Amino acid sequence: MILSCQNISKSFSDNTVLKGVSFNIEKNDKCAIVGINGAGKSTLLKIILGIEEPDEGMVSLSRDIRLGYLSQNQDTELNSTIYEAMKEAKSYLIDMEKRIRELEIEMQHLTGSELNSALETYNRLSTTYDRENGYAYESEIAGVISGLGFSKEEYDRSISTLSGGQKMRVALGRLLLSHPDIIILDEPTNHLDMASTVWLEGFLSSYPGAVIVVSHDRYFIDKVSNKIIEIDQAKSEIYNGTYSYYSEEKSKRRKALMNAYLKQQAEIQHEEAVITKLKQFNREKSIKRAESREKKLDKIDRLDKPTEVNSEMRLTLTPVCESGEDVLLVEKLSKAYDDNVLFTDINIDIKRGEHVALIGANGTGKTTILKMINRLVRKDSGSISLGSKVRIGYFDQEHHDLDTSKTIFEEMSDSFPDMNNTRIRNTLAAFLFTGEDVFKKIADLSGGERGRLSLAKLMLSPANFLVLDEPTNHLDIPSKEILEDAIKSYSGTVFYVSHDRYFINKTATRILELRDHVLTNYKGNYSYYEENRDRLFFLQNTASDGSNPSPGETASETGKSSARLDYESKKTEYAKQRKLANDLKKTEKQIQETEAEIEKTDEELNDPANGTNASLLMELSQKKEKLEEKLLELYAHWEELQ
């Protein structure tokens, strides 16, 4: 154990952000701290670092443990080039190397005890230098610079000329190169593109020290972490595993707490009924027995009802009318700004019901494509056609659809003049805008609040084709999960740009990657894309005619011609698809039947006639628990088949 937090508590005025938080960090732990915005995650990091003092509790560090910290608001003002700044992180090795060279020269002229002393120092320094990978520090610097998205040509670029995001990447690189015993990172992926984030995941996963990270990037957490510390309602809960394990285990724990609560409520209800009946007998013995039972009942440590997951914000997306089968057809689309060519002759074909994610490095033109579809940016060449009865709902990451001079209520009432005040209020409440909050100026809202307001408008629009630009930006994890559920259950068509790989993995049925000015098609979610990225990019973009894939081509269909797939492989693939379709149909039927059984069980649980039958209520609760477990397994199997 190299770090221990024991009973950490912290309050600001009347707001308690941490209460009795305890956990330990071992030498090679990769730990993620998760929780909603304002839960106290950054405060906990500052307490660990000694920047903030806890009201109660203590932080203990093992001897000689070095901490390295990257905050969201890092001081990035450095008067040097990118390479010089990175090299400064290795100054101790450079000084060591200089001393080793000096000793080599000095020892040529020493004898006796002086030579022995110099040799001892030389051997000690050489061993340390070798252990610290001193002979390869220059290649390590080059690897970190490249991994964070800087080219070799940028080595001598002055840091003063960099953007805020680029300066943060330099600060991150310096921290990683300094090799602290515990790396502490607060939202490290905020300023990284996908390629740099993937590199950082690999670096941290194999890092020979401990890592503590606060992040809303669930895919990043899933790849890096082996321990999750959740801060919820000021208290901590430890989960030894990845984010996926945490998400599943948290659901199980909440379900167990709910079952325990329901069981206790049934017992209390039964006991109260017995007490009432004893009092009705109106005899001395029966009244004494009733009083005895009342005292016993008063001593019960009553369980609080567990909060439901995502019970606050509610988001339902329902298309008003169904579009035709063909939703979007883009042919030979090209765009350049002066000498900067974004893409050439790209083709996109999206059908009704598809959920398509458009991904690629920063600056490749993803948002430009969405703006072209919405007629906000002119194309250089090509055509964009919408299908029959297609109505677009556009979510702009910069929220240009919002008038910053208006209040929240004015924005909604002006956008939907036929809607009465009650429905506007109810809709805003679903997105956590209640009471006097609805009269806030949009100009005064945070990024997350503006995002929620844009989603509220989107929910009320008559769209059946949602075009979304970074819809999860500024949303905390529970809000992202709500949006995921809404998108997954949406029967219309979705085309979106996102860097949130977890969101993509949950919601996309197909991925389009914009790379090297061309578009590559992947028939599957993000996990499928990761497994097949380079192979399918090569297959689709090295055709004999050198053309971009045709609009309707998908990754699983790439190279359907006889040149790539012979008759036998086609036949095998078709048989596999038929089996999948049958399994999917069977699973959907089982889901419907299980849901119907759960509804029937709920009716029996809520039947007043069963209210005093504790054994029956317990039996029904156990039955419901088993059915819900079965339903979760069926949902998981259905998602795999999909």
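The paragraphs below walk through a predicted model of a protein, from its overall build to a few single residues.

In this predicted model, local features need pLDDT of at least 70 and side-chain atom pairs count only at pLDDT 80 or more, while totals for chains, interfaces and linings use all residues. Residues are numbered from 1 along each chain as its sequence is written, and side-chain values use heavy atoms, with hydrogens and water left out.

The protein has 19 helices and 18 strands; these are DSSP runs numbered from the N terminus, with helices being H or I of at least four residues and strands being E of at least two. Its C-alpha trace spans about 110 × 70 × 60 Å along the principal axes. Of the 642 residues, 45% count as buried, where buried means under 20% relative accessible area, exposed over 50%, and partly exposed in between (1.4 Å probe, protein chains only). Among contacts (heavy atoms within 4.5 Å) with a separation of 6 or more, 67% join residues 24 or more positions apart.

A helix pair comes next. The axes of helix 3 (residues 91-106) and helix 4 (residues 112-131) come within 10 Å and cross at roughly 145°. Such axes are lines fitted to C-alpha atoms, for helices over the stretch in contact, and the angles run from 0 to 180 degrees between N-to-C directions. On the helix 3 side, L93, M96, E97, R99, I100, L103 and E104 take part, and they meet A118, T121, Y122, L125, S126, T128 and Y129 of helix 4. By class, this contact has eight nonpolar, three polar and three charged residues. Here Ala, Val, Leu, Ile, Met, Phe, Trp, Tyr, Cys and Pro count as nonpolar, Asp, Glu, Lys and Arg as charged, and the others, Gly among them, as polar.

Now to empty space. Rolling a probe the size of a water molecule over the atoms shows where empty space is left. On a 1 Å grid over the protein atoms alone, a pocket is an open set of points where a 1.4 Å probe fits, with protein on both sides within 12 Å along at least five of seven lines, and lining residues have an atom within 4 Å of a point. The second largest pocket holds about 590 Å³ of space, a volume being the space filled by probe spheres set on the points, which are joined across faces, edges and corners. Its lining has 16 residues, and D232, Q233, E237, L257 and P306 lie nearest the centre. Strand 8 (227-232), strand 9 (235-239) and helix 9 (243-281) each give two or more residues to this lining. By class, the lining has four nonpolar, three polar and nine charged residues.

Finally, some single residues are worth a look. Most residues other than glycine have a negative phi. S13, however, has a positive phi near 55°. S13 sits in the loop between strand 1 (3-12) and strand 2 (15-25) and counts as exposed because its relative accessible area is 77%. E470 also has a positive phi, of about 50°, although it is not a glycine. E470 is in the loop between strand 15 (465-469) and helix 15 (477-488), and it counts as buried because its relative accessibility is 7%.

S323 belongs to the loop between helix 10 (284-298) and strand 10 (326-337). With 6% relative accessibility, S323 counts as buried. Leaving aside residues up to four places away in sequence, S323 touches R352, S388, K389, V390 and N464. F538, in helix 17 (residues 526-541), counts as exposed at 54% relative accessibility.
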